[in-house]
Amino acid sequence: MDTTYSPIQPISYQSLNPIDVKRDDLIDPYISGNKWRKLKYVLAKANSLGRTHLVTFGGAYSNHLLATAAASARAGLKVTAFVRGEAVENEMLLLCRLFGMQLIFVDRSIYRHKTDLFNLHFEKDSAAFFIDEGGASAEAVKGCAEIIDELGQEYDYIFCAAGTGTTAAGLLSGINRLQLKTELHVIPVLNGADFIEREIAKYVGHTAGLQLHLDYHFGGYAKTTPVLLNFMSNFIAQTGVLIDPVYTAKMFFAINDLKLKGKLKDDAKILAIHTGGLMGILGMKEKLGKLFL
Ligand SMILES: *Cc1c(COP(=O)(O)O)cnc(C)c1O
């Protein structure tokens with residue numbers, strides 16, 4: 001495997017002096033970061049089965065929906081998404097529609113039954129291919145493991161943000177495959193996310209070398225505080241690296257905070273995975289705008 005999809009760049013900010021960043025956000029603006037890694041082998045599987053209609057699931061600001069929409073358009077595939085909750089319009093869904101995605105809004109209680117929904121609508125469509133919310137699958141883990149193949153050096157710590165934990169599972173399996181001594185430090189962006197350990201174990205078989213940091217969710221998924229948003233805007237202005245309030249700002253905040261508190265070895269070589277998702281900024285434009293009033 002000699003394909004490298006994104007560069008590694010050093011950044012310096014506060015106690016991060018410097019750390020390396022794997023710029024998966026630069027892979028593509030819409031098929032962004034880890035969502036592209038997660039879709040790579042899912043798309044290959046759909047293709048090998050001759051399926052030309054991708055069907056997937058997500059919330060109204062889902063990076064996964066936008067990534068799937070853009071990837072489908074580029075591959076010439078039909079694409080449909082079940083969107084959780086009542087019908088809304090926003091920038092993210094507008095982009096999805098521009099990429100040709102059909103949107104079906106479904107009530108939260110119904111949304112939960114994903115295979116039933118898929119069967120109800122597409123049982124007779126032999127081209128339809130089910131992709132789980134966020135792209136979670138063994139194929140996604142395989143795609144994310146390839147990040148480790150691209151590093152060219154052994155880090156002491158690799159950091160990533162986590163929603164479902166699929167990306168983290170891929171990173172841990174890549175670390176194991178190359179028998180690295182690297183510790184994987186995971187920052188869940190949801191409250192009460194100890195389920196992520198089981199999720200990772202499900203794919204990898206164990207969680208040796210994993211450290212979960214459960215205290216950097218800032219209130220929960222898509223929740224923020226003024227402290228986080230100020231950190232985010234200062235970080236962007238001083239590093240020139242755009243980060244998002246839902247995932248990567250929480251990760252960089254955590255690395256900086258752990259370093260300040262002396263919880264990371266001083267001379268450790270640290271890599272942060274920039275998982276992309278920058279359109280998430282649009283979902284918080286009012287809150288972010290208030291920072292500058
Ligand atoms: C979806 C997403 C994640 C979470 O990935 P999981 O595999 O669900 O843990 C992290 N960062 C960004 C930017 C994302 O869009």
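**Labels and cut-offs**

Reader: Why is Lys-285 called partly exposed?

Author: Its relative accessible area is 43%. Buried means under 20%, exposed means over 50%, and partly exposed is what lies in between (1.4 Å probe, protein chains only). Lys-285 therefore falls in the middle class. This is a predicted model: local features need pLDDT of at least 70 and side-chain atom pairs pLDDT 80 or more, while totals for chains, interfaces and linings use all residues. Residues are numbered from 1 along each chain as its sequence is written, and side-chain values use heavy atoms, without hydrogens or water.

Reader: What makes Glu-91 and Lys-285 a salt bridge?

Author: Their N to O distance is 2.6 Å. A salt bridge needs a side-chain nitrogen of Lys or Arg within 4 Å of a carboxyl oxygen of Asp or Glu. The pair therefore qualifies. Glu-91 sits in helix H3 and Lys-285 in helix H11 (residues 285-290), 194 residues apart. Glu-91 is partly exposed, at 23%.

Reader: What is the total of salt bridges, and which residues form a network?

Author: Salt bridges that share partners join Lys-22, Asp-24, Arg-37 and Glu-150. The whole structure holds 15 salt bridges.

Reader: How do you know that Glu-139 and Lys-45 belong in that total?

Author: The N to O distance is 3.6 Å, which meets the same cut-off. Glu-139 lies in helix H6 and Lys-45 in helix H1, 94 residues apart. Glu-139 has 22% relative accessible area, and Lys-45 has 36%. Both values fall in the partly exposed class.

Reader: Where is the kink in H1 centred?

Author: On Leu-39, with a bend of about 30°. The bend at a residue is the angle between axes fitted to the seven residues ending there and the seven starting there. Leu-39 is also among the buried residues of H1, which include Trp-36, Tyr-41 and Val-42. The cover over these buried residues includes strand E2 (16-23), E3, helix H2 (63-75) and helix H7 (166-177). After H1 comes Gly-50, with a positive phi near 70°.

Reader: Why are E5 and E6 called edge strands?

Author: The sheet is open, has four strands in the order E5-E4-E3-E6, and pairs in parallel. Strand E5 (102-106) and strand E6 (128-130) each have a single partner strand, so one side of each lacks a neighbour in the sheet. Neighbouring strands are turned by 25° on average, direction ignored.

Reader: What makes E3 and E6 a pair?

Author: They share three bridges. Two strands pair if DSSP finds at least two bridges between them. E3 and E6 therefore count as paired. His-53 has Ala-128 of E6 as its bridge partner.

Reader: What makes H3 a helix that packs on this sheet?

Author: Helix H3 (residues 91-98) touches strand E4 (78-84) and E5. Contact means heavy atoms within 4.5 Å. The direction of H3 makes about 140° with that of E5. Axes are lines fitted to C-alpha atoms, for helices over the stretch in contact, and angles run from 0 to 180 degrees between N-to-C directions.

Reader: What is the strand order in the sheet of six strands?

Author: E1-E2-E10-E7-E8-E9, open and with mixed pairing. Strand E1 (8-13) and strand E9 (210-212) are its edges, each pairing on one side only. E2 and strand E10 (residues 270-274) run parallel, joined by four bridges.

Reader: Why is Gln-14 called exposed?

Author: Its relative accessibility is 51%, so it passes the exposed cut-off. Gln-14 lies in the loop between E1 and E2. Its phi is positive, about 50°, although it is not a glycine.

Methods: Helices (H or I, at least four residues) and strands (E, at least two) are DSSP runs, numbered from the N terminus.
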